[in-house]
Amino acid sequence: MSSSKKIRVLVAKPGLDGHDRGAKIVARALRDAGMEVIYTGLRQTPEMVVSAALDEGVHCIGLSILSGAHNALFPKIMELLKEEGADDILVVGGGIIPEDDIPDLKKAGIAAIFGPGTPLDEIIEYIKANVKL
Amino acid sequence: MSVADLVKGVLNGKRRDLARLISLIEDEDSDALEALSHLYKHTGKAHIIGVTGPPGSGKSSLVTKLTAEFRKRENTIGIVCVDPSSPFTGGALLGDRIRMQEHSLDKEVYVRSMGTRGHLGGLARATSGAVRAIDAFGKDIIFVETVGAGQSEVEVIDIAHTVIVTDVPGSGDDIQAIKAGIMEIADIFVVNKMDLDGSDKKVTEINAMLDIDPRAKAWRPPVLLTNSRTGDGVPELADTILEHLKFLKDSGQLQEKGLKRSRDELQELMRYKLTRELCQKLEGQPEYEAAIKKIASRKEDPYSVAERLIAEFLFSESR
């Protein structure tokens, strides 16, 4: 029985690029949608992302990446989550990710990819509809 | 997951179970209270250190540096950092972790961010329960970082053994230092960002305030200078924290604090439970709704109605 479940989201920037404008805008939008957003800052390794997500008990992880290393880093994060038995956490991604790469990322377990220009409401609605509380 | 498994997981050092329990506490799930009541006998071992001070005074960075210092001394660490929730949407941006990256892969450091969810006083309603869960989990030292505090967010004294109040140079004149509230709760003052102009003046102002404190004190709060970027002053701060704990033990104050805390907590729990049961019982009852309308139209006053309802409730419960 619970009275007031709140969606908790980790917004993380894996990899080495420093372009965090998008991540911050999304973090702010999710906050304004009533979620609790944990922002971890730049240059996260997959291990750091997963460890933070577990400690914080989040329901969703939002990954932002603009360096082009998504094909390596995103699947690695999914793999680590699986090892921890935490693959019930909804993982979504965003940033500069070519269309061609999306099918493989989804196969690896990334639920959705939101590219540049995605309306913020679309991200919010997607998380609300798909997160497992 | 059953409560028994959750309790077992926390006692066996499973971080994910600790995280799960803290989420249940935050969501005010009834399982959380059951788990905490099983865990209670395993708590009371950790040294709980509150860190409070205005926004941007370097609390998170200081906690990070102190964590590094205590890790060198082989202590295990838990950190609960509280940030404000929006009064409009209930959402929150919890950003204290950003400064704590250097410990993110250290298995002996557990960090948890928390939104206030409408609770005033500088902490979240769930903070005390979360600290207790981390205590049972077995961490030696637990830092509780409050929201960026103004002048009266002083609730951290209710759960911490040692309270550190941080300030920075140039933050108001000597009158700020003699106001009531946050300046009275420190066991240790830290003037952070000591490399900035005016840090010595700040130390003098705080000391001048302490000189005229009428409460005769066996422990005069030391005023220390730190730089939480470089770590200057942090080993001395860690020593002072341990000295304070020793003082609490030797003077018997640790025991006194424990008693006071137990009394306050029991009262608070009873108050919360009674109020909730009373309200649940009354909510939607025709007489209750009628009384509310009468109060709004000034036919009755809320003071007497409250007295009457409580008296009726207590009477009905006692039968």
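# Questions on exposure, pairing and contacts

Reader: With 15 C-beta neighbours inside 10 Å, how does Arg43(A) count?
Author: A residue is buried if 20 or more other C-beta atoms, placed from the backbone, lie within 10 Å of its own, exposed if 12 or fewer, and partly exposed in between. Since Arg43(A) has 15 such neighbours inside 10 Å, this residue counts as partly exposed.

Reader: What pLDDT do local features need here?
Author: Residues are numbered from 1 along each chain as its sequence is written, while chains are lettered from A and ligands numbered from 1 in the order in which they are written. The model is predicted: totals for chains, interfaces and linings use all residues, side-chain atom pairs count only at pLDDT 80 or more, and local features need pLDDT of at least 70.

Reader: In which loop does Arg43(A) lie?
Author: Arg43(A) is a residue other than glycine, yet its phi is positive, near 55°. Elements are DSSP runs numbered from the N terminus, with helices (H or I) of at least four residues and strands (E) of at least two. In these terms, Arg43(A) lies in the chain A loop between β2 and α2.

Reader: Is Lys193(B) buried or exposed?
Author: Lys193(B) is found in the chain B loop between β7 (188-191) and α7 (199-211), and its phi is positive, near 60°. It has 23 C-beta neighbours inside 10 Å, and therefore Lys193(B) counts as buried.

Reader: Which element gives the most to the side of chain A that touches chain B?
Author: Two residues are in contact if their C-beta atoms, placed from the backbone, lie within 7 Å; 28 residues of chain A are in contact with 28 residues of chain B. Elements giving two or more residues to this side of chain A are α1 (21-32), β2 (36-39) and α2 (46-56) of chain A. With seven residues, the element that gives the most is α2(A).

Reader: Which residue of β3(B) stands opposite Val37(A)?
Author: Two strands pair if DSSP finds at least two bridges between them. β2(A) and strand β3 (residues 92-94) of chain B pair in the parallel sense over three bridges. Opposite Val37(A) stands Leu93(B).

Reader: Within what arc do the buried residues of α7(B) fall?
Author: The buried residues of α7(B) are Ser199(B), Lys202(B), Glu205(B), Ile206(B) and Met209(B). The arc is that of the directions from the helix axis to the C-beta atoms. Seen down the axis of α7(B), the buried residues line one face of the helix, because they fall within an arc of 120°.

Reader: Which residues are exposed on the other side of α7(B)?
Author: On the other side of α7(B), the exposed residues are Asp200(B), Ala208(B) and Asp211(B).

Reader: In β5(B), what is the bridge partner of Cys81(B)?
Author: Strand β2 (residues 77-83) of chain B has seven of its seven residues buried. Seven bridges join β2(B) to the parallel strand β4 (residues 109-115) of chain B, where Met114(B) stands opposite Val82(B). β2(B) also pairs in the parallel sense with strand β5 (residues 141-145) of chain B over five bridges. There, the partner of Cys81(B) is Glu145(B).

Reader: What is the radius of gyration of chain B?
Author: Chain B comes to 11 helices and eight strands. The radius is taken over C-alpha atoms, and the globule rule is 2.2 Å times the number of residues to the power 0.38. For 319 residues the rule gives 20 Å, so chain B is as compact as a globular protein of that length, its radius of gyration being close to this at 22 Å.
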